[in-house]
Amino acid sequence: MKFGVIGAGQMGGGIAQVAAQSGFTVVVQDVKQEFLARGQTVMEKSLTKLHEKGRLEGTPAEVMGRIQFTTSLQDMAECDLVVEAIVENEAVKADLFRQLGQIVKPGGILASNTSSIPITSLATASGRPERFIGMHFMNPVPLMQLVEVIRGHQTSDETARIVTETAQQMGKTPLPCNDFPGFVSNRILMPMLNEAIQCVMEGVAEPEAIDGIMKLGMNHPMGPLTLADFIGLDTCLAIMEVLHRGLGDDKYRPSPLLRKMVQAGQLGRKSGQGFYTY
Ligand code: CAA
Ligand code: NAD
């Protein structure tokens with residue numbers, strides 16, 4: 001299996017790493033060399049950590065040796081499966097899939113790691129809707145068990161089977177879901193994070209208290225504000241916009257504080273400032 005990944009950010013980097021850990025040959029593309037270099041550093045750190053704990057087959061160098069880094073989309077041509085993990089923006093993703101539909105060999109499967117954007121629209125843009133699917137990994141990819149597998153309107157049974165088996169080969173548990181805004185994961189998770197942000201805005205409690213209440217009271221591994229910072233506030237806002245637009249109900253309206261923080265460039269952990277300072 002030759003595995004392609006578009007985007008070397010926190011998700012693309014994690015997906016590429018786990019694919020290489022599973023023995024696949026991997027090509028990772030991003031728009032700038034510096035983004036590839038940053039992704040590479042994160043992967044090396046993660047692999048070293050896993051190696052120290054005896055949770056890695058082979059050495060970090062062996063795993064990294066299976067990954068090729070490139071800024072050219074043409075290098076995806078021979079991939080059997082390409083997973084896209086770029087910015088959560090429908091127009092940008094559709095434009096990329098239009099190109100990938102032309103570049104990747106005819107039998108190749110295209111998948112999106114989108115958190116919320118309709119799989120069926122992206123499938124249409126790709127020009128190969130039967131060989132298109134949502135393959136939604138969770139953050140941090142090396143540690144999280146789930147892959148949500150989202151079938152678009154025209155996804156073939158064979159495509160769903162191959163992607164499900166690939167997720168299993170990557171040591172993950174794939175679970176199926178249909179194409180509705182935010183799928184299952186973010187339709188349920190994101191309104192909770194948005195409500196926590198609304199609690200900050202309304203002065204219900206300080207961020208530390210909100211997180212502590214949800215961690216200690218509900219046994220969540222991270223409080224909702226820590227998790228929102230970890231996901232990226234820009235991504236959280238983009239997901240809430242899709243839910244609000246797609247499901248209509250006012251309960252999905254993004255918190256004005258979330259919107260303001262994104263406008264201010266406070267994107268959470270990746271920008272150094274969100275509900276907490278990093
Ligand atoms: N690779 C390798 N090791 C990693 C790592 C990575 N990417 N990230 C963290 N670790 C290591 C840490 O360094 C730490 O190592 P040590 O024990 O040696 O210190 C170890 O894993 C455990 O980490 P922590 O002690 O910091 O914390 P933890 O026990 O709470 O586990 C966690 C970390 C698994 C991330 C846990 O906090 C958790 O489950 N958080 C919630 C994550 C979550 O909800 N993810 C889904 C987000 S939503 C999504 O992904 C979908 C979307 O579309 C937005
Ligand atoms: P990120 O900002 O960390 O990384 C995105 C990467 O994509 C960057 O390196 C950027 O340079 C690159 N990129 C942007 N446009 C590109 C293009 N046209 N071609 C190639 N590369 C391009 O974002 P992320 O958190 O990794 O999220 C990526 C995707 O995964 C989004 O769709 C997001 O909704 C989804 N997702 C995110 C999480 C999360 O917790 N952050 C979880 C699951 C899914």
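Reader: Which residues does the UniProt annotation "binding site" cover?
Author: The unreviewed UniProt entry lists Gly7, Ala8, Gly9, Gln10, Met11, Gly12, Asp30, Glu88, Lys93, Ser115, Asn139 and Lys270. UniProt positions follow the numbering used here, feature names are shortened, and annotations may be inferred rather than shown by experiment. This is a predicted model: local features need pLDDT of at least 70, side-chain atom pairs count only at pLDDT 80 or more, and totals for chains, interfaces and linings use all residues. Residues are numbered from 1 along each chain as its sequence is written, chains are lettered from A and ligands numbered from 1 in the order in which they are written, and side-chain values use heavy atoms, with hydrogens and water left out.

Reader: Take Gly12, then. Is Gly12 buried or exposed?
Author: Gly12 counts as buried because its relative accessibility is 0%. Buried means under 20% relative accessible area, exposed over 50% and partly exposed in between, with a 1.4 Å probe and protein chains only. Gly12 lies in helix H1, residues 10–21. Helices (H or I, at least four residues) and strands (E, at least two) are DSSP runs numbered from the N terminus.

Reader: What is Gly12 in contact with, leaving aside its neighbours within four places in sequence?
Author: With those neighbours left out, Gly12 touches Val5, Gly7 and Ala85. Contact here means heavy atoms within 4.5 Å.

Reader: And where is Asn139 found?
Author: Asn139 sits in the loop between strand E6 (132–137) and strand E7 (146–151). Asn139 is buried, at a relative accessible area of 18%. Its side chain makes a polar contact with the side chain of Gln10, at 3.2 Å. A polar contact is a pair of N or O atoms within 3.5 Å; within protein, one must be able to donate a hydrogen and the other to accept it, and residues adjacent in sequence count only if both atoms are side-chain atoms.

Reader: Which backbone oxygen does the side chain of Thr155 reach?
Author: That of Phe132, at 2.8 Å. Thr155 is in the loop between E7 and helix H6 (157–169), and at 7% relative accessibility Thr155 counts as buried.

Reader: Turning to the core: which residues touch the most other members of the largest nonpolar core?
Author: Phe3, Ile15, Val26, Met135 and Met170 do, in a core of 35 residues. H1 supplies the largest share of this core, six residues. A nonpolar core is a set of buried Ala, Val, Leu, Ile, Met, Phe, Trp, Tyr and Cys residues joined through side-chain atoms within 4.5 Å. A second, separate core has 23 residues, including Ala94, Phe97, Ile117 and Ile150.

Reader: Which residues are buried in helix H11?
Author: In H11 (residues 256–263), Leu257, Leu258 and Met261 are buried. They lie on the same side of H11, because they cover an arc of only 100° around the axis; the arc is that of the directions from the helix axis to the C-beta atoms. Lys260 and Gln263 are exposed on the other side of H11. The buried residues of H11 pack against helix H7 (185–202) and helix H10 (233–247).

Reader: Finally, how far apart do the C-alpha centres of domain 1 and domain 2 lie?
Author: They lie 26 Å apart. The domain assignment gives domain 1 as 2–178 and domain 2 as 186–271, with bounds that come from an automatic or database assignment. Eight residues from domain 1 and seven residues from domain 2 take part in the contact.
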